[in-house]
Amino acid sequence: MPHYYMFHKPFGCVTARRDDRYPTVMDYFKELHNDRLSPVGRLDRETTGLLLITDDGPLAHELLSPKKHVDKVYYAKIEGMLPEDAKERMAAGLTLSDGTETLPADLEIVRRVRRGGCGELSEIRLTIHEGKFHQVKRMFETLGCHVVYLKRLSMGTLTLDETLKPGEYRPLTREELELLNKTDQEQE
């Protein structure tokens, strides 16, 4: 029987099974004694938030398949002046500095704070439909801004349980698992 865990990834650990330099997300699951558990997708060392940990390989593949375009919602703090047309540019899809094209994304500006000589800090929510290498950070670099904080809030139908502190996890509820499997079946 497969196992499914919602994990609140903390800052400073890498999304990997093993690493010689940094602690990994799997270090938090050692007491379960299940060598088949793996993270679904990646969050870089500085990014926090929702990770699904499972030993269900087929479901993990479905959630990560580039053809599925599973929504991922992020909250971020961005330094720099967001262009006036940032929402429109995100909605049209961006070309990153290395020529990589992104799918259209939905940008919501939650709050802007002007900080005197330090410029502007914006709080945003961004929904992307793919998961390219450092995609969110690279998208904002394309707009001339720098991500100083990044947290994944949701992936598909899973939303981070805000009662989980960074480094904590819990099994998925029956409802969460049913929604996850239903979405997976609908996309086939």
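Residues are classed as buried when their relative accessible area is under 20%, as exposed when it is over 50%, and as partly exposed in between, with a 1.4 Å probe and protein chains only. The structure is a predicted model, in which local features need pLDDT of at least 70 and side-chain atom pairs count only at pLDDT 80 or more, whereas totals for chains, interfaces and linings use all residues. Residues are numbered from 1 along each chain as its sequence is written, and side-chain values use heavy atoms, with hydrogens and water left out. Secondary-structure elements are DSSP runs numbered from the N terminus, comprising helices (H or I, at least four residues) and strands (E, at least two).

In helix α1 (residues 57-64), the buried residues are L59, A60, E62 and L63. Viewed down the axis of α1, these residues fall within an arc of 160° and so line one face of the helix; the arc is that of the directions from the helix axis to the C-beta atoms. P58 and H61, on the other side of α1, are exposed. An α-helix has 3.6 residues a turn, so residues three or four places apart point the same way. The N-terminal end of α1 is capped by D56, of which a side-chain oxygen lies 3.1 Å from the backbone nitrogen of L59. The C-alpha atoms of A60 and K137 are 24 Å apart in space, with a separation of 77 residues in sequence.

Strand pairing was assigned where DSSP finds at least two bridges between two strands. Strand β4 (residues 72-79) has six of its eight residues buried and is therefore largely enclosed by the rest of the structure. Eight antiparallel bridges link β4 to strand β6 (residues 120-128), where T127 is the bridge partner of V73. Strand β7 (residues 146-155) is likewise antiparallel to β4, over eight bridges; in this pairing R152 is the partner of Y74, and Y149 stands opposite K77. L107, a residue of strand β5 (residues 106-114), is buried at 4% relative accessibility. L107 and V73 are separated by 34 residues in sequence and by 9.8 Å in space, C-alpha to C-alpha.

β7 is mostly covered, with seven of its ten residues buried. Strand β3 (residues 48-54) pairs with β7 in the parallel sense over two bridges, and G49 stands opposite R152. β7 also pairs with strand β8 (residues 158-159), in the antiparallel sense and over two bridges, with M155 opposite L158. The two strands β7 and β8 form a hairpin with two residues between them, and G156 in the turn has a positive phi of about 60°.

With a disulfide defined as a pair of cysteine sulfur atoms within 2.5 Å, the count is zero. C13 is buried at a relative accessible area of 1%, and C145 is buried at 5%.

Technical notes: Polar contact = N/O pair within 3.5 Å; in protein donor to acceptor, adjacent residues only side chain to side chain.
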